[in-house]
Amino acid sequence: MLLAMLLGAPASAQILFATSCGSEPTWLTLDYSNSVLYCLNEGWGGNASITSYGTSISGALTDLDVIPVLKSPVASTLFGSKNSQLAVAFYDTSSFGTFSVGNTRNLMFQQLETYTLSAPGPVPDRQDVPHLHDAILDPTKQFLLVPDLGSDLVRVYKIPSGGAPGSVQEVASIKAVPGSGPRHGAFAVVDTSTFFYHVNELSNTVSGYSVSYAGDTAPKFTRIFDISTHGPGGNVPNGTKAAELEVSPDQRFVILSSRGENSMTFPNLDPTNTTALPSDPLVSFAIDGKTGQLSLLQIAPAGGRNPRGFSLNKAGTLVASALQDDNRVVVIERDVKTGLLGKIVAHATVGEGDGNGPNYALFNE
């Protein structure tokens, strides 16, 4: 189920889109300039698909098209001229695909790359096959990056010159720490420096790289650190699974989510109830603009359990957190200057019953 919610925020009401996994929708990509929302349906209990919706000021959605795809599309990003193409990572089917979305009422398959492993990785129960888990457009809009949890790689693809329709070409991959399991990532551009960060689900670490470009050749990624998701020397409980990673709009902070910790509490959302609620954390780091190093800033409640996905508004003043195990989406205030998260300013119930909570929440901006 896909919901559009009008949530009251301190300054004004904002539209927030959220997924609920009753029919396995798992990821949202918004083309705000063209008023189109793309929703990925993993299809574990049915047919996997990509659906395009027309958006509106009121938050109402209009069905435009739906295209069947391989099982388990888990993340996507727009690329190409006028956002005419969609890159998609397929987790369980070990694939990366692109789709033509220039005509939002006629989505079309474009390219598919499927991978295998000659032998299981260091974590054999999770690295028996490649598991592609994110699709990231680089700041130059010339390359796509796709973390592969099963292969301990971040695959890199060159986009045709000028973003014209056509096949992307795989170039040299980034080799992650063996057994780390790269999941999600993001770039930060600080003055003339570019950095890339990815969170690792299996090792519960975050890795950072300095990035250099030479013309339109493949960028060079130099690893500068690999630290715990709780900062240098930090530890997490057994069963923890790092999930999402975002860079703040001002490029000064990294925020990541960690699932399965249940290590924090926050005030009950019912003002008449004084019982604190359990929560996994959102972890914030400050970026050193010269070196790209991260320093731990804050470990704060995510607003519930299993924060699989979260996003920031464009101003960086709000964080929308999707709590899969609590059937809840919360909006958390954020101080742009300090990067610190504050209180929950809005919340909504999304989905009913176990396993039907939201996977992702996205501001309509």
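**Loop residues, rings and surface**

Reply: To begin, D152 is buried, with a relative accessible area of 7%. The model is a predicted one.

Me: In which loop is D152 found?
Reply: D152 has a positive phi of about 55° although it is not a glycine. Its place in the chain is the loop between β12 (143–148) and β13 (153–158).

Me: Is S94 buried or exposed?
Reply: S94, which is not a glycine, has a positive phi of about 55°. This residue lies in the loop between β8 (85–90) and β9. Buried means under 20% relative accessible area. At a relative accessible area of 6%, S94 is therefore buried.

Me: What kind of aromatic pair do F99 and F109 form?
Reply: The search of the whole structure finds eight aromatic pairs. For F99 and F109, the centres are 6.0 Å apart and the angle between the planes is 75°. Planes over 60 degrees apart count as edge-to-face, so the pair of F99 and F109 is edge-to-face.

Me: How many residues apart in sequence are the parts that the pair of F99 and F109 ties together?
Reply: F99 is buried, with a relative accessible area of 5%. F99 belongs to strand β9 (residues 95–100) and F109 to strand β10 (residues 108–114), so the parts tied together by this pair are apart in sequence by ten residues.

Me: Which residue has its charged end over the ring of Y115?
Reply: K314 lies over the face of Y32, at 5.4 Å from the ring centre. Over the ring of Y115, at 3.7 Å from its centre, sits the charged end of R155.

Me: What is the relative accessibility of T98?
Reply: T98 is in strand β9. Leaving aside neighbours within four places in sequence, T98 is in contact with F79, L86, A87, F109, Q110, Q111 and V168. T98 counts as buried, and its relative accessibility is 0%.

Me: What accessible area do L70, F109 and L112 have together?
Reply: L70 is in the loop between β6 (62–68) and β7 (73–79), and is partly exposed, with a relative accessible area of 33%. With F109 and L112, L70 forms a nonpolar patch on the surface, and their accessible area together is about 260 Å².

How values were computed. Residues numbered from 1 in each chain as written. Predicted model: local features only at pLDDT ≥ 70, side-chain atom pairs only at ≥ 80, totals over all residues. Heavy atoms only, no water. Phe/Tyr/Trp six-rings, centres within 6.5 Å; stacked < 30°, edge-to-face > 60°. Helix = DSSP H or I, 4+ residues; strand = E, 2+ residues; numbered from the N terminus. Buried < 20%, exposed > 50% of the residue type's maximum accessible area, 1.4 Å probe, protein only. Lys NZ or Arg CZ within 6 Å of the ring centre and 35° of its normal. Contact = heavy atoms within 4.5 Å. Patch = residues over 30% accessible without salt bridge, like charges linked within 9 Å, V, L, I, M, F, W, Y side chains within 5 Å. Areas by Shrake-Rupley, 256 points an atom, 1.4 Å probe, with all protein chains shown as cover. Salt bridge = Lys/Arg side-chain N within 4 Å of Asp/Glu carboxyl O.
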